[in-house]
Amino acid sequence: MSRLRAIYSRLPIPLQNAACSLAGWHTVRQRFGETFRGQLAAYEERNRWSHNRIVGFRNARLKDFVRHCADTVPYYRALFPEYGIDPGSIREIEDLKQLPVLTKEEIRRQPHAFYSDDPGGELLMNRDTGGTTGNPLRFGAPPGTISEQWAVWWRYWRWHGIQADTWCGYFVGLDVVPRRQKRAPFWRTNLPRRQIMFSAYHMNDRSLPEYIKELRRRRPPWLHGYPSVLALVANHLLAVGDDIGYMPRWISTGAENLLPTQRDIIERAFGVTPIQHYGLAEGVANISQCEHSRLHVDEDFAAVEIADADDDGHGHLVGSNLSNPAFCLLRYDTQDIVSGLTEESCPCGHPGRLVSAIDGRREDYVILPDGTKLGRLAHVFVGLDFLREAQIVQNKPGRIIVRIVPRGAFGRRETESVEAALRRRVGEEMGIDVTVCDALERSSSGKLRFVVSGLRSGELQPIPRQGIHIDLDQKEQK
Ligand SMILES: [Zn+2]
């Protein structure tokens, strides 16, 4: 993989574009084939089901999945007798509460115990998750599991009128532009997927006008990306008093929680209210914003609970995966916080419980020596299994401290691996100090921030408001 990447980075730009399109063509064939089309049709068929019908559907899936776990997954084969639970007694989400909540740490201790003896015989593909805490998890999934996740995401985009052939300005953490490249174009095109993939790793005050120029030239009707990345573009537009010369029809965000400040900045810069969904590679929960701006739990995809809710209704999002028969997770703690779970119905007509807010995966930016802001760094440590937890702290421009809680011995080799992983993102000019500690500091709500910035420019903070502000929570209640 890294050799392919090295070859790619030496190609002339037109060939890099061709390579991106080739990869896109491969993805379309592999991920969006017949299986996907059947899954999407089935998901859309459930668009207008009643609440009771979709809950019945989910419970039937849950029942089968629990049986599958108890029969074929070593961890659950041991757990059910140990807790004296009859798997047949689990018929709905309430019944799941007999089982302990599963932490990522528990999976890491014995990942093989979560693999089913009977994964359905399909080829397993590796899935990686960065996670809020930067301690990655790698696991397997059959292709049908991955395409089902895309089906639930596409159902949501299609609720809003976005189609597979809608051109998209894509602002996610894809590493498609070599880091050493200092001049535009800071984007590559994936023709089969209709994506203009903008680099999230080259954005600074000098380069952002080039991004704007390209948006103005190509006018993609749909912008999608990490909110932290879209907010950087929006921030720049507001700071220089510019616009992209057209109003996109849709802006959608994913992978990170859309913070109210980011929503505000994006709305003001593009004139469009972003839509969001919540999902994670583990597939234990999915939440989609509907046409009426409400957040629907996708009941037919996973069995979602809120655990340990406080008096304000904030609780841990805990979910059971119903779509991956190979790597099986029941009551998995996503470490994300949601609030306001309710069974009231929504005027859009789609079924599913509603939540009022998702409050997870917050991250500040790291500021590079040349002023570039980098967000979404949690993925840099994927594959470094000796890390229990990691956190990046920046108090001085051009220098970061990496706080490490190691799993075992942590010597020079491990230090060098951490530095090398970071260098690929932050470049050669950044000063990196690695320090080992016993525990990382957590916020009052128990969340760990992966990047903590002591620099004003690195903090996630609102731009001073202009004009009238409407409280979104209040607006959504109307
Ligand atoms: Zn709705």
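## Asn126 and its surroundings

Leaving aside residues up to four places away in sequence, Asn126 touches Arg138 and Phe139, where contact means heavy atoms within 4.5 Å. Asn126 sits in strand S1 (residues 125–129); helices (H or I, at least four residues) and strands (E, at least two) are DSSP runs, numbered from the N terminus. Is Asn126 buried or exposed? Asn126 has a relative accessible area of 55%, so it counts as exposed (buried is under 20%, exposed over 50%, partly exposed in between, with a 1.4 Å probe and protein chains only). Pro143 is 17 residues from Asn126 along the chain, and their C-alpha atoms are 9.9 Å apart.

Residues are numbered from 1 along each chain as its sequence is written, and side-chain values use heavy atoms, with hydrogens and water left out.

The chain's average pLDDT is 86, and 90% of the residues score at least 70; pLDDT is the predictor's confidence in each residue, from 0 to 100. Over residues 460–478, pLDDT stays under 50, and the model has 22 contacts beyond four places in sequence for them. Where pLDDT is low, the predicted coordinates should not be read in detail.

## The zinc site

Which residues hold the zinc ion's protein donors? They are Cys290 (SG), His296 (NE2), Cys346 (SG) and Cys348 (SG), at 2.1 to 2.3 Å from the ion. Donors are N, O and S atoms within 2.8 Å of the metal (3.2 Å for Na, K and Ca); water is not among the atoms, so sites may look incomplete. The 4 donor atoms subtend angles of 99 to 116° around the zinc ion, so the arrangement is tetrahedral (four donors with all angles between 85 and 135 degrees).

Along the chain, the donors follow the spacing C-x5-H-x49-C-x1-C. Cys290 is in the loop between strands S9 (286–289) and S10 (295–297), and Cys346 in the loop between S13 (332–339) and S14 (354–355), so the pair ties together parts 56 residues apart in sequence. Both Cys290 and Cys346 are buried.

## A four-stranded sheet

Here 4 strands make an open sheet with mixed pairing, in the order S20-S19-S18-S21; two strands pair if DSSP finds at least two bridges between them. Strands S18 (residues 387–396) and S19 (residues 399–406) run antiparallel and are joined by 7 bridges. Ile392 stands opposite Val402 in S19.

Methods: Predicted model: local features only at pLDDT ≥ 70, side-chain atom pairs only at ≥ 80, totals over all residues. Tetrahedral: all angles 85-135°; square planar, octahedral: opposite > 155°, others 65-115°.
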